[in-house]
Amino acid sequence: MLRKQETDSRLPEECSLQQLCRGVMEMHFVFEEVKDFIEKQAYAECKAGKLDASITALEDVAAFFEAIENKNEEVTQDLAEVYLLIGELCQSFDRIAQSIQWFRKAIIVDDRYPLPYEELASSYFKLGQIDKAIRSLEQEIRLAPGNYFAYLEAAELYDQAGRVDKAEECITRLLDRDPDNITALHRLICLHLKHNRSVNVSFLRRRIANIHKPMQRGELLIWSYHMFKLGKIEGIMKVADALNDISLRQIGYAVKSYIHLAMNERPKFIPAAQALLDTCTGRRQNYLDSLIMEFGAVFGNDARLHLAYELKNLP
């Protein structure tokens with residue numbers, strides 16, 4: 001058993017999970033201040049095959065908070081965080097049913113905390129319980145309407161459940177809050193093309209094309225794809241050539257390479273493709289494959305295969 005003086009003499013980053021937990025229970029550490037260290041150590045020890053021991057250590061901390069009478073808001077939040085972490089560990093190491101129990105406990109303790117609903121939805125999804133996953137995401141949206149990821153996840157699950165009208169409604173709710181959400185517009189276009197090919201999506205494509213804001217990788221891919229579908233090639237090239245961030249330049253080179261292939265402009269394809277390969281030099285072996293998969297997730301599997309083949313056979 002860890003003695004108090006041992007806990008007192010250690011910095012949090014020097015402690016094991018058990019030492020951190022004991023330090024919280026003996027009130028040498030404030031949970032809020034060491035919770036990131038606790039989470040890091042918990043995952044490290046679970047990866048080392050100590051899942052049960054890690055859960056036991058965290059259960060002891062939970063019991064410590066549970067025993068506090070007349071809990072204030074801070075203690076309640078700490079207890080919910082401990083329950084949530086145990087649930088996340090169970091979820092990460094394939095104890096899905098067990099994770100649900102812990103997420104529910106976190107919700108009972110603090111039903112205004114949105115994150116347990118998100119994790120609960122993930123666990124229900126892993127068990128194939130789509131309706132329960134949707135209800136969890138909808139509750140998260142009610143608590144945190146600014147979490148746009150939850151709308152997109154819920155829309156995807158509604159679509160899987162065959163409730164296309166609800167999927168469209170969910171995306172529309174997001175667009176009401178954020179009209180320039182490129183990912184949401186893209187999902188809406190995909191939904192229309194999947195279920196109602198008679199719908200003219202050109203208006204939605206033009207909405208994406210007319211968005212001018214700093215973009216992340218995924219948004220840049222989506223914007224480029226719909227610009228390509230609208231035939232606005234010059235606009236794509238102009239933006240791609242002006243990119244400074246290396247992560248975005250990789251997307252720009254991939255898009256340019258594919259467009260030159262699609263337009264049978266092989267002399268232009270070669271320098272764009274070489275520039276793409278140069279940005280991947282020195283990175284992990286499967287980095288380029290991952291990048292091409294990212295490209296294909298938006299441009300489609302045929303485009304992915306075409307680009308991958310030509311890159312592999314580049315002179």
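**Charge pairs and a helix crossing**

Reply: K35 is partly exposed, at 22% relative accessible area (buried is under 20%, exposed over 50%, partly exposed in between, using a 1.4 Å probe and protein chains only). Bear in mind that this is a predicted model, where local features need pLDDT of at least 70, side-chain atom pairs count only at pLDDT 80 or more, and totals for chains, interfaces and linings use all residues. Residues are numbered from 1 along each chain as its sequence is written, and side-chain values use heavy atoms, with hydrogens and water left out.

K35 pairs with E32, the closest N and O atoms being 3.5 Å apart. That makes it a salt bridge (a Lys or Arg side-chain nitrogen within 4 Å of an Asp or Glu carboxyl oxygen). E32 is partly exposed too, with 41% relative accessibility. Both residues belong to helix α3 (residues 31-47), and because they are three residues apart there, about one helical turn separates them. Helices here are DSSP runs of H or I, at least four residues long, numbered from the N terminus.

Across the whole structure, the search turns up 10 salt bridges. Another one joins R95 to D52, with N and O coming to 2.8 Å. R95 is in the loop between α5 (73-92) and α6 (96-109), while D52 is in helix α4 (residues 51-66), so this pair ties together parts 43 residues apart in sequence. R95 is partly exposed at 27%, and D52 is partly exposed at 48%.

Next comes K256 with D241, where the closest N and O atoms are 2.6 Å apart. K256 lies in helix α15 and D241 in helix α14 (residues 233-241), so the bridge links parts 15 residues apart in sequence. The two ends contrast: K256 is buried at 14%, whereas D241 is exposed at 54%.

Helix α15 (residues 246-262) meets helix α17 (residues 287-299) at about 65°, their axes 11 Å apart (axes are lines fitted to C-alpha atoms over the stretch in contact, and angles run from 0 to 180 degrees between N-to-C directions). On the α15 side, the touching residues are Q250, I251, A254, V255 and Y258; α17 brings Y287, L291, E294, F295 and F299 (contact means heavy atoms within 4.5 Å).

How values were computed. Helix = DSSP H or I, 4+ residues; strand = E, 2+ residues; numbered from the N terminus.
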